[in-house]
Amino acid sequence: MVFSGLVFLLAFLPANLICYFCAKTIKTRNIILLLFSLVFYAWGEPVYVLLLLAMSFSCWFFSRLIDNAGSDAARKAAMAGAAVVCIGAIGYFKYIGFIVENINGLIGHEAIPVPQVALPIGISFYTFQLLTYVVDVYRGEVPAQKSFWKVLLYAGLFHQCVAGPIVRYGDVENELTERYSTLDGIYNGIGRFCFGLAKKAVLANACGAVVDALLITDAEIGNASHLAANISALSGRSALTLWMGMAFFMLQIYLDFSAYSDMAIGMGLICGFHYKENFNYPYVASSVTDFWRRWHMSLGTFFRDYVYIPLGGNRKGKARQIFNMFVVWALTGLWHGASWNFVLWGLYFFVLLVLEKLILLKFYEKHRGLGIAATLTAVYFGWIFFKFTDLSLVKTVLKGMFCLNGNSFSTFESRSFALSYLFFFIIAVLACTPLAKNIGALLKKKSVYTPALKTVTTVWDAVIPAFMFVISCLSLVGDSYNPFLYYQF
């Protein structure tokens, strides 16, 4: 089940909210949220609900051991136990095939059969949440939760369980026990949810369909037996087609993932939860450093607080700082997928960040326009490593962009395609900027002194969420292309 599915929008979510607001106590509301969350998670893969339950129970159990430990050694042992459970689970389900394949590659033949293990949806997200919870208990930053069911609700809450944002326990600790759904919160939550839904259903899905038409589908990319055919297909694409395809993918991945975060934050507000922002218009960043402060912020702060700083951060000299950055960005790449292209994608940004830290940041501070252009260019090429899991496809696309595959720069079809999608492309680009948000804030500011304008903005704020919801549902009817890209992580 996905947030942008009609079953979720027209049945699951309304039923959840009706039951939730009919309940009078926080305890009953928590039970309702937990039951709906388990149904939501089990919708696509029922067996893996058991994994979510087992990991939540293990982390609750180890946090209680930490809280009741009589010695530092006992606390460390309990912390190690939780780390083994969390890292072991994600290591097995997400990386065991990758590890075995690389061992066989080093040996030179298939000495070990490659296990075929299905990846549980959202395991990277809820595993990190549970791990941060136990670490924070170990550090004394939050008390151990006595109720297992509240730990399970924290980890499995359907708002953010399967694709983030990564929520720290300390951010919602009090709201698990005491929270209020205010009219402002419900109003803002509905608006945020509908905005995210339209961003996904109307813009991201359309961008994804264009990407599939211009390049090749994700299903084809993931099919190793079709590698030769995929290389041949991409080699025959004009340079303009490849450039357009990656431009639309750049838009798709932001609109898709940030839309999920918008909807998660919106549903949280409706129910009285306050999740932190996960995106802050990363495509207007003036440096790669700034980009990663704006993109998937909950993941960035996780690696900062639980990997980079514990390794020593920038406190042990420049060489050690660069090594710490290397570790963080190798892990960041690997977190996104069990494939070398993701590792290279992470290390690509590591190199760019080191260059900025040593040379470029001061220049970008003086020349912001050049910084934005350089950052967009760097991120654009980085997405090629992210899109294509086989490095031979990455090579083919990069060569084709500069007509090094014997391909033409453009064709009549590619030029016609570019013209027909130009207006939509502009709309999608503007949706990646704070332009609409800033205009709305300016109008609201001016409406304080202009009664007519205040009436218009009030009516607009009331009507636009409903309009976006209806348009989104109409876009989804009969639309077979409706994935969330980050579900695979």
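The 33 residues of α11 should span 48 Å at 1.5 Å a residue, and the end C-alpha atoms of α11 lie 49 Å apart, which agrees. The expected span of a helix is taken as 1.5 Å times one less than its number of residues; helices (H or I, at least four residues) and strands (E, at least two) are DSSP runs numbered from the N terminus. The model is predicted, so that local features need pLDDT of at least 70 and side-chain atom pairs count only at pLDDT 80 or more, whereas totals for chains, interfaces and linings use all residues. Residues are numbered from 1 along each chain as its sequence is written, and side-chain values use heavy atoms, with hydrogens and water left out.

Of the 33 residues of α11, 32 are buried (under 20% relative accessible area, with exposed meaning over 50% and partly exposed in between; 1.4 Å probe, protein chains only). Just after α11, Gly272 adopts a positive phi of about 95 degrees.

Pockets and cavities were located on a 1 Å grid over the protein atoms alone: a cavity is a set of points where a 1.4 Å probe fits but cannot get out, a pocket is an open set with protein on both sides within 12 Å along at least five of seven lines, and lining residues have an atom within 4 Å of a point. Grid points are joined across faces, edges and corners, and a volume is the space filled by probe spheres set on the points.

The largest pocket holds about 1700 Å³ of space. It is lined by 43 residues, of which Phe195, Tyr281, Ala436, Lys437 and Met468 are the closest to its centre. At least two lining residues come from each of α8 (183-214), α11 (239-271), α19 (422-431), α20 (435-447) and α21 (451-476), and α21 supplies the largest share, ten residues. By class, the lining has 27 nonpolar, nine polar and seven charged residues (Ala, Val, Leu, Ile, Met, Phe, Trp, Tyr, Cys and Pro count as nonpolar, Asp, Glu, Lys and Arg as charged, and the others, Gly among them, as polar).

The second largest pocket holds about 1200 Å³. Among its 40 lining residues, Gly222, Ala338, Ser339, Phe342 and Thr389 are the closest to the centre. Helix α4 gives the most to this lining, with nine residues, and α11 is one of the helices that each supply at least two. The lining divides into 22 nonpolar, twelve polar and six charged residues.

One cavity of 30 Å³ or more is present. The largest cavity has a volume of about 40 Å³, and its lining comprises Leu153, Tyr154, Leu157, Gln160, Val167, Val172, Leu176, Phe273 and Tyr275. Eight of these residues are nonpolar, one is polar and none is charged.

The disulfide count is zero, a disulfide being a pair of cysteine sulfur atoms within 2.5 Å. The sulfur of Cys19 is 6.8 Å from the closest cysteine sulfur, in Cys22, and therefore too far for a bond. Cys271 is in no disulfide either, the nearest cysteine sulfur, that of Cys19, being 12 Å away. Cys271 is buried at a relative accessible area of 1%, whereas Cys19 is partly exposed at 33% relative accessibility.
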